[in-house]
Amino acid sequence: MSVEGVDLDDLKRRMQGALAVLKTEFAGLRTGRASASMMDPISVDAYGQSMPISQVATVSVPEPRMLAVQVWDKSMVAAVEKAIRESNLGLNPVVDGQLLRLPIPELNQERRQELIKVAHKYAESAKVAIRHVRRDGMDDAKKAEKDGEISQDDSRVASDEVQKLTDQMIGEVDAMLEKKEQEISQV
């Protein structure tokens, strides 16, 4: 859909990109249950560059409160262990050859509060990204009006549509945050 002077489809696509990033970041926040996606944000210094852990090992969930990381290259075991320890996930890997076992400890109330703060930070950065897209849409409408491509009324309609889209996306961010908070707070 396109309103005079503004490509709403492009704006929506860009805003949904911010939501996708938020979803990925939320997947990395642990909730007391083991999930292979917890390892997604971890980068390992491998072969002279930083790589996602999925490119040097296989992550599996053998038990509800245990992760297993099977490192493919023996020389990378120490680097993967170091990356996991420094990831701020509160995990202590147990090394067994090329297999790292990661017991998921029970979350205490203090750690839950920390994770909720991190979730709020992620949500706020997604909202900021959405607002940047809104600003671009508003600027497009003003520019089209200034250049005489659209009337002042059309510019106002376009601005209203951009604002409606922004409000909808920010509502989705808030809903995702609320769901994640409940997930983290669940004992």
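Reply: Here are some questions about a predicted model, each answered by setting a value against its definition.

Me: What makes strand 3 and strand 4 count as a pair?

Reply: Two strands pair if there are at least two bridges between them. Strand 3 (residues 57-63) and strand 4 are joined over 5 bridges, in the antiparallel sense, so they meet the definition of a pair. You can find Thr-58 opposite Gln-70 of strand 4, and Glu-63 has Met-66 as its bridge partner. A hairpin of 2 residues links the two strands.

Me: How do you know that strand 4 also pairs with strand 6?

Reply: The cut-off is again at least two bridges. Strand 4 and strand 6 (residues 99-103) have 5 bridges and run antiparallel, so this is a pair as well. Here Gln-70 faces Leu-99 of strand 6.

Me: Why are strand 3 and strand 5 said to stand at the edges?

Reply: The open sheet has 4 strands in the order 3-4-6-5, paired antiparallel. Strand 3 and strand 5 (94-96) each have a single partner strand, so one side of each has no neighbour in the sheet. On average, neighbouring strands here are turned by 25 degrees against each other, direction ignored. Helix 2 (residues 77-85) packs on this sheet, where it touches strand 4, strand 5 and strand 6.

Me: Why is strand 4 called mostly covered?

Reply: Buried means under 20% relative accessible area. In strand 4 (residues 66-71), 5 of the 6 residues are buried, so the strand is called mostly covered.

Me: What makes helix 3 roughly antiparallel to helix 4?

Reply: Their axes come within 10 Å and cross at roughly 170 degrees. Angles over 145 degrees count as roughly antiparallel, so helix 3 is roughly antiparallel to helix 4. By class, their contact has 15 nonpolar, 8 polar and 8 charged residues.

Me: Which residues have the most contacts inside the largest nonpolar core?

Reply: That core has 28 residues, and those with the most contacts inside it are Val-6, Leu-11, Phe-26, Ile-130 and Val-173. Helix 1 (8-28), helix 3 (109-146) and helix 4 (152-185) are the elements that give it two or more residues. A second, separate core has 23 residues, including Met-39 and Val-56.

Me: What is Ile-130 in contact with, leaving aside its neighbours within four places in sequence?

Reply: Contact means heavy atoms within 4.5 Å. By that rule Ile-130 is in contact with Met-15, Ala-18, Thr-166, Met-169, Ile-170 and Val-173.

How values were computed:
Residues are numbered from 1 along each chain as its sequence is written. This is a predicted model: local features need pLDDT of at least 70, side-chain atom pairs count only at pLDDT 80 or more; totals for chains, interfaces and linings use all residues. Side-chain values use heavy atoms; hydrogens and water are left out. Buried means under 20% relative accessible area, exposed over 50%, partly exposed in between (1.4 Å probe, protein chains only). A nonpolar core is a set of buried Ala, Val, Leu, Ile, Met, Phe, Trp, Tyr and Cys residues joined through side-chain atoms within 4.5 Å. Axes are lines fitted to C-alpha atoms, for helices over the stretch in contact, and angles run from 0 to 180 degrees between N-to-C directions. Angles under 35 degrees count as roughly parallel, over 145 as roughly antiparallel, 65 to 115 as roughly perpendicular and the rest as oblique. Ala, Val, Leu, Ile, Met, Phe, Trp, Tyr, Cys and Pro count as nonpolar, Asp, Glu, Lys and Arg as charged, and the others, Gly among them, as polar.
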